[in-house]
Amino acid sequence: MRILVTAGSGLTGAAFRKLATTKYSNHEFLFHTRSNGDLSKPYVFKFLLTDFKPDVIIHNASMLHGSFASEKSIETSKKTNTEIFGNLLKELLPHQQVYCLSSYHIFANPAPFDILDLESLNRNTSYALEKSNQIESSRSFPNVKFVILPHLFGEHDNFSPGRAHFIANSIRRIVTAKERQDAQIEFFGSVQRILQFSTAELATNFVLDAVFSNLETKEKYFLANVGWKRTCLEVFMNICGIVGFQGLVIPVNSDSKTFERNMYFPTNTNSGDVDKLAFLASLGTAIDYFKRGEIEYVD
């Protein structure tokens with residue numbers, strides 16, 4: 001089987017590459033990156049789908065923008081991502097199966113996310129709005145499916161200031177505070193709210209398992225309930241412990257409404273679970289990757 005993976009570098013791309021050489025080495029993979037062609041240009045998808053002739057497309061390519069990006073930057077990324085997805089739908093052949101990667105953010109359901117009301121879309125953020133529009137524009141395409149992932153972290157993560165997800169951003173801040181010998185560091189957000197976290201390896205393994213076990217089904221949404229549910233403060237403190245930061249951690253909740261969104265779990269749903277050591281080991285791996293300085297910031 002031939003599998004095209006967009007966004008073939010970075011956090012999920014690196015995890016897919018590892019699986020392609022181990023668990024799924026009997027299949028042919030093509031990892032596309034922006035240096036191989038801008039997917040917002042119509043001819044790039046046309047070439048990929050007619051030349052490589054993939055049976056499956058795992059689609060995760062998009063233009064990123066940070067939480068504090070300017071309105072102009074947000075509008076540019078929205079326009080580009082709309083063009084990318086439109087080009088994919090335009091060139092897609094009926095027998096080619098597409099698995100789009102998304103996150104819990106796009107649904108308005110309250111946590112926990114064991115079951116999602118897939119008709120309930122969240123349009124409160126630019127990311128959620130973009131993904132919601134993609135879901136709606138592909139309703140008439142039975143071969144376009146969505147895999148819903150928790151919050152990812154790990155090696156090859158994006159540690160760019162202002163753009164990094166919670167764990168990557170926390171690692172960068174805590175390592176920096178340790179190196180500067182800061183006496184304290186601020187933790188932003190509620191000390192009680194819980195998120196579900198997963199390594200890219202766990203998530204991508206789920207994606208490929210879904211691909212190979214569901215090619216003949218009509219399922220359109222796949223919920224990746226993998227990883228660990230933890231309070232954000234607990235994760236932050238775990239990172240402090242691994243890094244060796246011994247200063248004070250000062251919780252700061254400057255805007256409580258920001259941290260009362262539906263994506264948070266109301267209670268710790270897997271306290272004392274046997275995967276705690278695995279979670280700490282995964283945090284350590286991500287921290288070591290950042291400290292080795294192998295990262296490339298995304299501008």
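A residue counts as buried when its relative accessible area is under 20%, and C240, with a relative accessible area of 3%, is therefore buried. The model described here is predicted. The protein has 299 residues, of which 49% count as buried. Its secondary structure comes to 8 helices and 11 strands. Among contacts between residues at least 6 apart in sequence, 79% join residues at least 24 apart.

**Packing of α2 and α3**

- Two packed helices are described by the angle between their axes and the distance between the axes.
- Helix α2 covers residues 42–52 and helix α3 covers residues 71–91; their axes come within 9 Å and cross at roughly 40°. This angle makes α2 oblique to α3.
- The crossing in which α2 passes α3 is right-handed.
- On the α2 side, the residues of the contact are P42, F45, K46 and L49, and on the α3 side they are I84, N87, L88 and E91. By class, the contact of α2 with α3 divides into 5 nonpolar, 1 polar and 2 charged residues.

**Packing of α7 and α8**

- Helix α7 spans residues 232–243 and helix α8 spans residues 276–292; the two axes cross at roughly 60° and come within 10 Å. At that angle α7 is oblique to α8.
- Here too the handedness can be stated: α7 passes α8 in a right-handed crossing.
- From α7, the residues E234, V235, N238, I239, I242 and V243 take part in the contact, meeting K276, F279, L280, L283, G284 and I287 of α8. The residues of the contact of α7 with α8 are 8 nonpolar, 2 polar and 2 charged.

**Cysteines and disulfides**

- A disulfide is a covalent bond between the sulfur atoms of two cysteines. A search of the whole structure finds 0 of them.
- C232 has a relative accessibility of 7%, under the 20% cut-off, so C232 counts as buried.
- C240 is buried as well, because its relative accessible area is 3%.

- A7 is not a glycine, yet its phi is positive, at about 55°. A7 lies in the loop between β1 (2–5) and α1 (10–21).
- With a relative accessible area of 24%, A7 is partly exposed.
- Q181, also a residue other than glycine, has a positive phi near 60°. The loop that holds Q181 runs between α5 (166–180) and β7 (184–188).
- Q181 is exposed, since its relative accessible area is 71% and the cut-off for exposed is over 50%.

**Surroundings of G13**

- G13 is part of helix α1. Its relative accessible area is 0%, so G13 is buried.
- Leaving aside residues up to four places away in sequence, G13 touches A7, G8 and F31. One of these, A7, is the residue with a positive phi of about 55°, placed in the loop between β1 and α1.
- G13 and T33 stand 20 residues apart in sequence, and their C-alpha atoms are 9.2 Å apart in space.

Notes
Residues numbered from 1 in each chain as written. Predicted model: local features only at pLDDT ≥ 70, side-chain atom pairs only at ≥ 80, totals over all residues. Heavy atoms only, no water. Axes fitted to C-alpha atoms, helices over the stretch in contact; angles between N-to-C directions. Helix = DSSP H or I, 4+ residues; strand = E, 2+ residues; numbered from the N terminus. Parallel < 35°, antiparallel > 145°, perpendicular 65-115°, else oblique. Left-handed = near helix turned anticlockwise from the far one by under 90°. Contact = heavy atoms within 4.5 Å. Nonpolar A, V, L, I, M, F, W, Y, C, P; charged D, E, K, R; others polar. Disulfide = S-S within 2.5 Å. Buried < 20%, exposed > 50% of the residue type's maximum accessible area, 1.4 Å probe, protein only.
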